[in-house]
Amino acid sequence: MKVSREEKQLRREQKRALQRDRQEKRRQVLIIFGAGGAAAVAAGIPVVGVLLAPALTPSQTAWRAVGKVSDFQVGQTTEVKFRVADAREGQGVSSTVGAWLRRTSESRFVCFQMNCTHLGCPVHWVPSSELFLCPCHGGVYDQTGRNVAGPPRIPLRRHAVRLVGDTVEVQAQPIPLPGLNGPGLTGSDQRGAGS
Ligand code: FES
């Protein structure tokens with residue numbers, strides 16, 4: 001069958017229209033993926049920043065005076081309070097943490113973090129039994145902070161301690177987030193002041 005000239009022309013135009021349509025669709029897909037990718041990257045930047053911040057930000061600590069040496073008796077464990085290392089103006093009571101300071105000799109102190117190493121409840125010092133007790137799930141620590149009963153699997157964490165003249169200073173950490181920025185039990189933590 002013979003195809004007329006007009007029909008040939010019509011088919012050519014249909015073919016061109018089809019190609020233009022395909023190119024337009026391809027362009028739109030690229031635009032969508034490009035915008036989506038940019039949005040994903042933009043949205044991801046804060047998340048990545050938050051995730052990497054602890055690794056990129058140097059650990060912040062600060063020495064805080066908690067009293068005179070003579071305020072503490074050898075063999076006694078006393079609650080002390082001080083401002084966290086990252087305390088800000090107007091932060092109020094949330095910028096203050098408690099800890100248990102024990103004077104073990106004339107020149108040695110150890111300072112235990114208040115938070116249980118199980119799930120972070122504040123532990124209480126019971127002088128009559130010389131034990132730290134956690135009211136939440138019955139965790140028990142001895143006078144050296146060693147976990148001796150209940151769910152805690154590791155000892156109480158410690159703050160480093162130093163003596164500056166006749167002042168006792170403890171090393172404050174940022175607001176404690178159990179498992180994330182606890183100082184852990186390093187060698188210097190365990191030695192305490194005067195060692
Ligand atoms: S939080 Fe202390 S025993 Fe669970």
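Visitor: How many disulfides does the structure hold?
Guide: One, where a disulfide is a pair of cysteine sulfur atoms within 2.5 Å. This is a predicted model: local features need pLDDT of at least 70 and side-chain atom pairs count only at pLDDT 80 or more, while totals for chains, interfaces and linings use all residues. Residues are numbered from 1 along each chain as its sequence is written, and side-chain values use heavy atoms, with hydrogens and water left out.

Visitor: Which cysteines form the disulfide?
Guide: Cys121 and Cys136, with their sulfur atoms 1.9 Å apart. The torsion about their S-S bond is about -95°, so the disulfide is left-handed.

Visitor: What does the pair tie together?
Guide: Parts that are 15 residues apart in sequence, because Cys121 lies in the loop between β4 (109-113) and β5 (124-126) and Cys136 in the loop between β6 (131-133) and β7 (140-142). Strands (E, at least two residues) and helices (H or I, at least four) are DSSP runs, numbered from the N terminus.

Visitor: Cys121, buried or exposed?
Guide: Cys121 counts as buried, at 16% relative accessibility. Buried means under 20% relative accessible area, exposed over 50%, and partly exposed in between, with a 1.4 Å probe and protein chains only. Cys136 is partly exposed at 38%.

Visitor: And Cys111 and Cys134, buried or exposed?
Guide: Cys111 is buried, with a relative accessible area of 1%. Cys134 also counts as buried, at 6%.

Visitor: Change of topic. In what order do the strands of the open sheet come?
Guide: The order is β2-β3-β4-β9, four strands with antiparallel pairing. Two strands pair if DSSP finds at least two bridges between them.

Visitor: Which strands stand at the edges?
Guide: β2 (77-83) and β9 (158-159); each has a single partner strand, so one side of each is left without a neighbour in the sheet. β9 pairs with β4 over two bridges, and Arg158 in β9 is the bridge partner of Phe112.

Visitor: What about β11, how many of its residues are buried?
Guide: Six of six, in a strand that spans residues 167-172. Thr167, Glu169 and Gln171 are on one side, Val168, Val170 and Ala172 on the other.

Visitor: Which strands pair with β11?
Guide: β1 (residues 62-68) is joined to β11 by six bridges and runs antiparallel to it, with Gly67 opposite Val168. β10 (residues 161-164) is also antiparallel to β11, over four bridges; there, Val161 has Val170 as its bridge partner.

Visitor: What do β10 and β11 form?
Guide: A hairpin with two residues between the strands. Gly165 in the turn has a positive phi of about 65°.
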